[in-house]
Amino acid sequence: MADYTPKPEHKFTFGLWTVGNIGRDPFGEPTRDPISPVDIVRMLAEVGAWGVNLHDNDLVPIDATAAERDQIVADFKWAMDETGIVCPMATTNLFADPAFKDGAFTSNDPAVRAYALQKTMRSMDLGAELGAKIYVFWGGREGAECDSAKNPAEGVKRFREAINFLCEYSKDNDYGYRFALEPKPNEPRSDIYFPTVGSMLGFIATLDDSEMVGVNPEVAHEHMAGLNFLHAVAQAWEAGKLFHIDLNDQMFGRYDQDFRFGSMMIKQNFHLVRFLEDVGYDGSRHFDAHAYRSSQYEDVVEFAHGCMRSYLVFKEKAAQFNADGEIQELLAEINADDGRYAYLNSGYSRAAADQLKATEFDRAGMGARNLPYERLDQLTFDVLLGVR
């Protein structure tokens with residue numbers, strides 16, 4: 001049997017808000033007692049994780065004094081040093097406090113927008129102190145229920161102004177951050193601005209310094225909209241914008257379930273891991289997921305183990321897929337290229353256009369060609385189910 005032990009080179013990370021989730025949902029009170037950030041760091045070290053990520057208020061309460069803040073951070077850094085856990089990513093909670101009930105960067109209230117910038121700058125200071133180099137922005141309240149009250153074009157403008165401002169703040173302080181914007185279609189707002197990876201990529205192109213800004217796609221968020229997460233990740237990768245990734249599991253079209261990675265959509269997760277490994281993605285594999293509300297902390301440990309083990313199982317299956325002779329023969333047949341049209345690889349030229357226009361194509365033959373996708377898909381199934 002393969003070794004599914006997580007190692008630092010796998011770059012598996014969890015958020016304080018994930019393994020520290022206390023089991024509250026919109027219909028029920030907490031089922032687990034809170035545990036401290038220091039204890040969470042120790043738990044992650046015990047299960048073999050590489051890193052811990054956090055919102056500012058996951059670590060420092062929003063109403064903490066300066067002295068309390070410094071002591072909390074000192075204790076947390078001590079725990080990180082003690083265990084070897086690193087903090088590669090940080091973010092800001094701009095959705096929980098009632099001040100952000102109608103948005104943060106896109107709020108109609110200029111005082112709220114200014115406070116959101118201040119809170120984010122202080123959170124960036126905290127992340128930099130902990131060693132983070134990726135800074136994620138999830139606009140959980142950046143949206144609307146009542147379109148009569150908000151101009152979405154103005155919302156886009158306000159969000160752009162905020163990200164431009166914070167890019168300059170990062171550069172002014174030599175933090176070296178790369179910003180990763182996280183799309184989601186809805187929840188907690190009825191509609192959230194920039195609902196998909198594609199819409200976020202379009203927005204990034206309009207920023208003053210688009211080079212330092214990429215995306216943080218999440219499995220659950222694209223699946224909520226019924227979209228293919230692999231395709232979104234591939235588009236982000238091809239654009240050079242896959243700065244971070246959130247792994248969990250999610251049924252199509254449901255509320256944000258944040259299930260353990262690998263627990264639902266087996267084939268989709270396999271193709272995702274195969275893609276990440278084949279292209280050489282070297283960022284964090286961050287699990288933005290939650291244990292079942294029915295679990296106590298000993299089962300939360302199993303949840304964390306399960307996320308990492310599932311990824312490593314999929315990684316092993318991807319290697320098996322890539323090494324399978326019959327599968328590779330089918331792929332070679334499907335992608336056969338005799339080089340006849342290689343002249344098009346250099347792009348447009350008058351000569352290429354003239355040659356292409358003069359070419360006679362066997363349209364009937366192309367339409368009649370067998371593409372053995374059924375066989376390929378069954379072989380993929382056999383690999384995943386361990387019968388091959």
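Colleague: Which residues line the largest cavity?
Modeller: In this predicted model, local features need pLDDT of at least 70, side-chain atom pairs count only at pLDDT 80 or more, and totals for chains, interfaces and linings use all residues. Residues are numbered from 1 along each chain as its sequence is written, and side-chain values use heavy atoms, with hydrogens and water left out. The lining of the largest cavity consists of Thr-91, Thr-92, Leu-94, Ala-104, Phe-105, Thr-120, Val-136, Phe-137, Trp-138, Gly-139, Glu-142 and Phe-159. On a 1 Å grid over the protein atoms alone, a cavity is a set of points where a 1.4 Å probe fits but cannot get out, a pocket is an open set with protein on both sides within 12 Å along at least five of seven lines, and lining residues have an atom within 4 Å of a point.

Colleague: How much space lies in the largest cavity?
Modeller: The largest cavity holds about 80 Å³ of space. Such a volume is the space filled by probe spheres set on the grid points, which are joined across faces, edges and corners.

Colleague: And which element gives the most to that lining?
Modeller: That is β4, with 3 residues. Helices (H or I, at least four residues) and strands (E, at least two) are DSSP runs, numbered from the N terminus.

Colleague: How do the residues of that lining divide by class?
Modeller: There are 7 nonpolar, 4 polar and 1 charged in the lining of the largest cavity. Ala, Val, Leu, Ile, Met, Phe, Trp, Tyr, Cys and Pro count as nonpolar, Asp, Glu, Lys and Arg as charged, and the others, Gly among them, as polar.

Colleague: How many cavities of 30 Å³ or more does the structure hold?
Modeller: There are 3 of them. In the second largest cavity lies about 50 Å³ of space. By class, the second largest cavity is lined by 7 nonpolar, 1 polar and 3 charged residues.

Colleague: Now the pockets. What volume does the largest pocket have?
Modeller: Its volume is about 1600 Å³. The lining of the largest pocket has 41 residues, and Trp-17, Asn-21, Arg-24, Asp-258 and His-290 are those nearest its centre.

Colleague: Which elements each supply at least two residues of that lining?
Modeller: They are α1 (16–19), α2, α3 (56–59), β3 (89–91) and β4 (134–138). Of the elements, α3 gives the most, with 3 residues. The lining of the largest pocket comprises 19 nonpolar, 10 polar and 12 charged residues.

Colleague: What about the second largest pocket, and which residues lie nearest its centre?
Modeller: Nearest its centre lie Asn-57, Val-60, Pro-61, Ile-62 and Arg-122, out of 16 lining residues. Two or more residues of this lining come from each of α3, α4 and α5 (110–130). The largest share, 7 residues, belongs to α5. The volume of the second largest pocket is about 350 Å³, and its lining has 7 nonpolar, 4 polar and 5 charged residues.

Colleague: Turning to helix packing, at what angle do the axes of α2 and α4 cross?
Modeller: The axes of α2 (residues 37–47) and α4 (residues 66–83) cross at roughly 15° and come within 9 Å. Axes are lines fitted to C-alpha atoms, for helices over the stretch in contact, and angles run from 0 to 180 degrees between N-to-C directions. The two helices α2 and α4 are therefore roughly parallel, a term for angles under 35 degrees.

Colleague: What is the handedness of the crossing where α2 passes α4?
Modeller: That crossing is right-handed, meaning that the near helix is turned clockwise from the far one by less than a right angle.

Colleague: One more topic: which residues does a cis peptide bond join?
Modeller: It joins Glu-187 and Pro-188, with omega about 15°. Pro-188 is in the loop between β6 (178–182) and β7 (191–192).

Technical notes:
Angles under 35 degrees count as roughly parallel, over 145 as roughly antiparallel, 65 to 115 as roughly perpendicular and the rest as oblique.
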